Amino acid sequence: MDITTAISGTSARITPRGEIDHDTLPSLRAAADALPARVTDVTWNLRHTPFMDVAGLHLFFSPAALDGADRRTTVTGLRQQPLRLLLLAADVHPDTFDFTRLLLAAG
């Protein structure tokens, strides 16, 4: 897993290259945790992420991600399989996996 982070003012873009799974989750969380306190908007660019398992759900919807620093999280570049996983999770548990909150600021 290669992770690139770009910070511009109060925004950050994290771009992982590779699959998001149990083994890569700690590195991805560390990248988010390492962001400066001034960052209020985080965009995860998943253009180079062909596969994501339940670890991706933990990354984007865990209590730490929701209750940590006041940061708005968005996701861009969703490929077919990660998108299907997020849509399935939202369909099965819409109150837990509010997929739309990841897309609101993605314009």
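Reader: Are W44 and F60 buried or exposed in this model?

Author: W44 is buried, and F60 is buried as well, where buried means under 20% relative accessible area, exposed over 50% and partly exposed in between, with a 1.4 Å probe and protein chains only. The model is a predicted one, in which local features need pLDDT of at least 70 and side-chain atom pairs count only at pLDDT 80 or more, while totals for chains, interfaces and linings use all residues. Residues are numbered from 1 along each chain as its sequence is written, and side-chain values use heavy atoms, leaving out hydrogens and water.

Reader: How many aromatic pairs are there?

Author: Rings of Phe, Tyr and Trp (its six-membered ring) pair if their centres lie within 6.5 Å, and planes under 30 degrees apart count as stacked, over 60 as edge-to-face and the rest as tilted. By this rule there are 2 aromatic pairs. One of them joins W44 and F60 edge-to-face, with 5.7 Å from centre to centre and 75° between the planes.

Reader: Which parts of the chain does the pair of W44 and F60 link?

Author: This pair links distant parts, 16 residues apart, since W44 lies in strand β3 (residues 41–45) and F60 in helix α2 (residues 54–61); helices (H or I, at least four residues) and strands (E, at least two) are DSSP runs numbered from the N terminus.

Reader: What can be said of F61 and F97?

Author: They form an edge-to-face pair, 5.3 Å centre to centre and with 85° between the planes. F61 belongs to helix α2 and F97 to the loop between α4 (80–92) and α5 (100–103), 36 residues apart. F61 is buried at a relative accessible area of 8%, and F97, at 17% relative accessibility, counts as buried too.

Reader: What is the order of the strands in the open sheet?

Author: Strands of a sheet pair through backbone hydrogen bonds, either parallel or antiparallel. Here the 4 strands follow the order β1-β2-β3-β4 with mixed pairing, two strands being paired if DSSP finds at least two bridges between them. At the edges stand β1 (2–8) and β4 (72–76), each with a single partner strand, so one side of each has no neighbour in the sheet. Strands β3 and β4 pair in the parallel sense over 5 bridges, and W44 has V75 in β4 as its bridge partner.

Reader: Where is T74, and what joins its side chain to that of T43?

Author: T74 lies in strand β4 and is buried, with a relative accessible area of 4%. Its side chain is joined to that of T43 by a polar contact of 3.0 Å, meaning a pair of N or O atoms within 3.5 Å; within protein, one must be able to donate a hydrogen and the other to accept it, and residues adjacent in sequence count only if both atoms are side-chain atoms.
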